[in-house]
Amino acid sequence: MESLQKKVVFDGEAASMVMKELRGSFRSGKTRSYEWRVSQVKALLKMVTDNEKQIIDALLSDLAKPPLETVVYEIGMFKNSCEVILKELKQWMKPEKVKTSISTFPSSAEIVPEPLGVVLVISAWNYPILLSLDPVVGAIAAGNAVVLKPSEIAPATSSLMAKLLAEYMDNSCVRVVEGAVDETSALLDQKWDKIFYTGNGRVGRIVMTAAAKHLTPVVLELGGKCPAVVDSDVNLQVAARRLISGKWGLNNGQACVSPDYVITTKDFAPKLVESLKTELENFFGKNPLESKDISRIVNHNHFARVAKLLDDEKVSDKIIHGGEKDESKLRISPTLLLDVPHDSLIMGEEIFGPLLPIITVNKLEESFDLINSRTKPLAAYIFTNNKKLKEQFVKNVSAGGMLVNDIALHLIVPTLPFGGVGDSGTGSYHGRFSFEAFTHKKAVLYRGFGGDASLRYPPYTETKQRVMKALVSGGILSIIGALLGWSSKA
Ligand code: NAD
């Protein structure tokens, strides 16, 4: 009886079993063929198309995510990734012929893309469909077997994915393991060929430490405080609308690329604030706590975390718009704060919620040092028509990615890599970069049995050394020179 009541746990033994099965499937060579990869990408496409309604409902349950946001940013973006793969995969899989040098003459060479093996994808709760399936489809396109560990903080989406992937995918090679810390730890103890983790930097360090034990490479898609610099020389209404849609219109600021804080000049701040207030009311009405067009805070822990940033006494007199909270509904209204101190809690960590502090400076150029004095953000934004300022921003500010005059759109361009730098992450994906994230570029050199110069073999002589030195340096003239016994200064 007692054993019947015991919760089924996914422990080290279960993790090792999954690994063994998937390793076996990978070794059988099944995942390598173009046909298998395409069949699985198509199955994922069909899965999200057939189940759009269920996905929308799961995200409503986990986050009260507005259906438009789900359809565009979760399902639509994922479908685009699949379409790009289906169009380009044959080309990506082709070995790339490369030139060889005289040192290996006669020879030819190529770079052969090779799947890594069995990979683990650990995903986050804020875009639980996209952040799970996008790396998974990259791993499949590259010919790997894959285990997905969705986030337990979006439970409806996690169990939906477990159900749907079991139904639509080849389960000998693609698996979902649901769970939280214990289950993820059991998975992390295994030897993977790559771990792709999306989430915060604290857990990123745990993942990297576990990976280091097995020399497993990682992609870490982390976060940080993304700045948005706003010049006075802009179309103010457009800038305000784009800031709002990139903040509250992206899962209520619970997005890694949401603007975390704004920097503008002291002179321009009042105009920007007025425009933001007007457009916020246009978008979400007079009572935004009731708006259906804005996600809620994901859970009570995160609500308490965001509320604490707002309740910090250092910012209590800095709230210039919003600030209302309804804990029973996990809602905090879109909130603007002006001139918060740099040592306030809100400036000390990633906000990941509906608060937007505005920092003012005398000259916008000061913003570069301000941004660069912090850890490197995942994205940095600037709104300006000033060509010189744009150029300086791109040249001087370090960030995972950058966007001029809009928010977040850079991540839907499949020809651009998406990923962080420094504390905001390591590695990247999207488009071809997803394929490459899960591929080893194998260097292959082909030679025949001709041209077997005795030069490279002992007994070594001075002439051999001279000619070999010239050969390694590669210049045809120096080789001729060495053969003829000319002295060289090199
Ligand atoms: P989360 O709480 O869902 O955690 C992410 C994953 O880590 C989950 O699968 C969870 O089960 C696992 N996990 C948690 N604690 C663990 C532990 N002790 N050991 C092993 N695994 C553990 O998500 P989160 O971290 O709250 O996500 C928000 C963060 O992620 C923000 O910093 C955000 O900027 C970042 N993020 C980055 C991207 C990106 O693409 N770069 C996208 C989304 C979110």
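I began at P459, which sits in the loop between strand 18 (439–447) and helix 17 (462–473). Helices (H or I, at least four residues) and strands (E, at least two) are DSSP runs numbered from the N terminus. The peptide bond from P458 to P459 is cis, with omega near 0 degrees.

Before going on, I noted that this is a predicted model, in which local features need pLDDT of at least 70, side-chain atom pairs count only at pLDDT 80 or more, and totals for chains, interfaces and linings use all residues. Residues are numbered from 1 along each chain as its sequence is written, and side-chain values use heavy atoms, with hydrogens and water left out.

P106 belongs to the loop between strand 1 (96–98) and strand 2 (107–115).

Next I checked A64, in the loop between helix 4 (52–63) and helix 5. A64 is not a glycine, yet its phi is positive, near 50 degrees. Most residues other than glycine have a negative phi, and most peptide bonds are trans.

I then took helix 5 (residues 67–93) and helix 6 (residues 130–141), whose axes come within 9 Å and cross at roughly 10 degrees. Axes are lines fitted to C-alpha atoms, for helices over the stretch in contact, and angles run from 0 to 180 degrees between N-to-C directions. The two helices are therefore roughly parallel (under 35 degrees; over 145 is roughly antiparallel, 65 to 115 roughly perpendicular, the rest oblique). For the contact (heavy atoms within 4.5 Å), I listed Y73, E74, M77, F78, S81, C82, I85 and L89 of helix 5 against L130, L133, D134, V137 and A141 of helix 6.

The other pair I looked up was helix 3 (residues 34–50) and helix 7 (residues 155–168), with axes within 10 Å and a crossing at roughly 130 degrees. That makes helix 3 oblique to helix 7. Here A43, K46, M47 and D50 of helix 3 meet L164, L165 and Y168 of helix 7.

I found 27 residues around it, the closest being S151, E152, N200, L222 and E350 (a heavy atom within 4 Å). An N or O atom in the E350 side chain is 2.6 Å from a ligand oxygen. A backbone N or O atom of S123 lies 2.8 Å from an oxygen atom of the ligand. A polar side-chain atom of E221 is 3.3 Å from a ligand nitrogen.

How values were computed: A polar contact is a pair of N or O atoms within 3.5 Å; within protein, one must be able to donate a hydrogen and the other to accept it, and residues adjacent in sequence count only if both atoms are side-chain atoms.
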